[in-house]
Amino acid sequence: MKRRTTIHLCPYGVPGDRSRELAEAADDVVAGLGCTVALAPPFDVGLNLEPPYNARELLHALRQLRPSGPVLLLVDNPLIGDRHRPVRGASERGGTVGVVHIEGAADDVAAVAHEVGHLMGLAHCGYPGCLMGRRPSHDRKGACDHCVALMDAVGDSFL
Ligand SMILES: [Zn+2]
Ligand SMILES: [Zn+2]
């Protein structure tokens, strides 16, 4: 499939070289979703939040910066969701802003790819091994055929 969208990874506390590695690895994992993953050009996120970061507040602040395309913020601190429940990441489904906690763990790439899937419009998927499963796992190799077919259908509807 032709890759139509670029999702930019924007480091916030995560070192640039680690972020570049993640961008390259995630770009391979999301092949089939019709997007490219790349490190963002230098971009001053100018956020001033205390960890643990409230994911909803963070996405709101990021949206105010009006990024020119989809941006996934890579943070080096824990995230909390609604009712202070810890979350690994959060993204607007089919939107422009997302965030993921980079833990320095084996499943960081899968966690990045999962949020990219949400930004591309995918919901959670119950197919074993699909990167859109609810719990990120480093043994997920990519999107399942069902998710890829969904992205193909979305692409066709814009032709
Ligand atoms: Zn998810
Ligand atoms: Zn799937």
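How many of the residues of α3 are buried? Twelve of its twelve are, which leaves α3 mostly covered; buried here means that 20 or more other C-beta atoms, placed from the backbone, lie within 10 Å of a residue's own, while exposed means 12 or fewer and partly exposed anything in between. This is a predicted model, in which local features need pLDDT of at least 70, side-chain atom pairs count only at pLDDT 80 or more, and totals for chains, interfaces and linings use all residues. Residues are numbered from 1 along each chain as its sequence is written, and chains are lettered from A and ligands numbered from 1 in the order in which they are written.

**Helix α3**
- Helices (H or I, at least four residues) and strands (E, at least two) are DSSP runs, numbered from the N terminus.
- From first C-alpha to last, α3 reaches 17 Å, close to the 16 Å expected at 1.5 Å a residue (times one less than the number of residues).
- Its buried residues include D108, H114, E115 and L119.
- Among the elements that cover them are β1, α1, β7 (89–91) and β8 (97–101), with contact meaning C-beta atoms within 7 Å.
- After α3 comes G121, with a positive phi near 110°.

**Helix α1**
- Buried in α1 are L22, A23, A26, D27 and V29.
- These cover an arc of only 150° around the axis, so they sit on the same side of α1; the arc is taken from the directions from the helix axis to the C-beta atoms.
- D17 and D28, on the other side of α1, are exposed.
- The buried residues of α1 pack against β1 (5–12), β2 (35–39), β4 (71–75) and α3 (108–119).

How values were computed: Contact = placed C-beta atoms within 7 Å.
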